[in-house]
Amino acid sequence: MQARHTEEFHYRVSWRSDAVRPGFHPSRRSGSGERFHGLAPLLKHPDPRRIDLRASVLDPFGGYAVRIYEQRSAIKVFAIVDLSASMEFRGTGSKMDTLADFLASLALSAYRTGDSLGIIGCSDKIHAEFSLPLCRHPAMALNLVRRLRRFRPKGTNARGLVEAARCVPNSRSLVFLVSDFHMPLTLVKRILVSLGPHDVVPLVFWDASEMGGEATLGFRRMRDLEDGSERLLLLRPKLRARLEESYRDRRERLVHLFLSHGREPLFLEEGFKADYLTRYFQRAL
């Protein structure tokens with residue numbers, strides 16, 4: 001089988017990190033950065049190389065002032081992923097392949113940005129075998145990705161996504177929330193509330209064939225994407241139009257809900273490409 005080529009994407013945050021470890025992102029800490037932060041007494045910051053002569057001469061008490069610069073710091077990045085039965089859907093593409101492609105790209109991107117990455121896989125519970133504690137090297141994440149490509153989700157719901165918030169540290173983190181969100185909107189809201197302290201990026205995995213627009217008319221076996229149950233339906237033009245309308249309405253409701261919690265969702269309906277997320281973060285900031 002031909003090896004997949006993984007590309008990185010570039011992400012940025014608008015908030016300031018509290019982390020001590022240097023990195024790429026804006027920080028609340030002073031250090032060896034290039035952005036001027038302010039002035040401080042030499043006795044508090046004993047670095048004679050950064051004495052500001054003008055500010056020192058103007059000090060009425062004859063003290064020395066040094067220039068303080070803002071440190072760039074690392075952040076914690078998490079992917080909370082839905083492994084319930086609806087994520088097993090295969091249509092134009094495979095949702096699990098799209099998920100694996102995204103996680104491989106995220107692992108590479110976090111590593112090259114200098115950030116730590118954690119992964120939490122959930123359905124009706126948290127799946128320890130598809131979860132990963134914070135680490136800075138992509139090897140463990142890529143091993144998890146290989147196992148996910150062979151995994152067939154069977155969880156009957158995604159309530160474990162609410163519990164996943166307990167696995168994320170209290171300090172603000174960048175959290176990619178990955179699901180098709182075929183669940184009650186009340187549950188989606190609970191998930192977002194549980195992740196309230198964090199910067200949540202919703203990734204919505206949909207497939208064009210889910211919407212019924214490409215299905216031929218006649219008797220069709222339709223599957224409930226929440227509980228996996230199936231039934232036989234006569235797909236008529238009016239029913240197909242209603243299915244398409246329900247998806248449009250669902251999309252609008254999800255967009256409104258996510259925006260009310262601070263982030264626009266990114267809908268991935270034709271697989272994953274790293275450039276999708278690079279452009280998403282360029283628009284967001």
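**Salt bridges and a buried helix face**

Arg251 is partly exposed, its relative accessible area being 32%. The model is a predicted one, and in it the side chain of Arg251 forms a salt bridge with that of Glu269, at 3.0 Å from N to O. This pair links distant parts of the chain, since Arg251 belongs to helix 6 and Glu269 to the loop between strand 12 and helix 7 (274-284), 18 residues apart. Glu269 is likewise partly exposed, at a relative accessible area of 24%.

A further salt bridge joins the side chains of Arg263 and Asp199, at 2.9 Å from N to O. Here, too, distant parts of the chain are linked: Arg263 lies in the loop between helix 6 (237-260) and strand 12 (266-268), Asp199 lies in strand 9 (residues 199-205), and the two are 64 residues apart. Both Arg263 and Asp199 are buried.

The side chains of Glu163 and Arg166 also meet in a salt bridge, at 3.0 Å from N to O. Glu163 counts as partly exposed at 32% relative accessibility, whereas Arg166, at 70%, counts as exposed. The structure holds 11 salt bridges; among them are bridges with shared partners that join Asp97, Asp101 and Arg149 into one network.

Attention now turns to helix 3. Within this helix (residues 139-149), Ala141, Leu144, Val145 and Leu148 are buried. They lie on the same side of helix 3 because they cover an arc of only 105° around the axis. In an α-helix there are 3.6 residues a turn, so residues three or four places apart point the same way. The elements covering the buried residues of helix 3 include helix 2 (95-113), strand 6 (116-122) and strand 7 (126-135).

Key: Residues are numbered from 1 along each chain as its sequence is written. This is a predicted model: local features need pLDDT of at least 70, side-chain atom pairs count only at pLDDT 80 or more; totals for chains, interfaces and linings use all residues. Side-chain values use heavy atoms; hydrogens and water are left out. Buried means under 20% relative accessible area, exposed over 50%, partly exposed in between (1.4 Å probe, protein chains only). Helices (H or I, at least four residues) and strands (E, at least two) are DSSP runs, numbered from the N terminus. The arc is that of the directions from the helix axis to the C-beta atoms. Contact means heavy atoms within 4.5 Å. A salt bridge is a side-chain nitrogen of Lys or Arg within 4 Å of a carboxyl oxygen of Asp or Glu.
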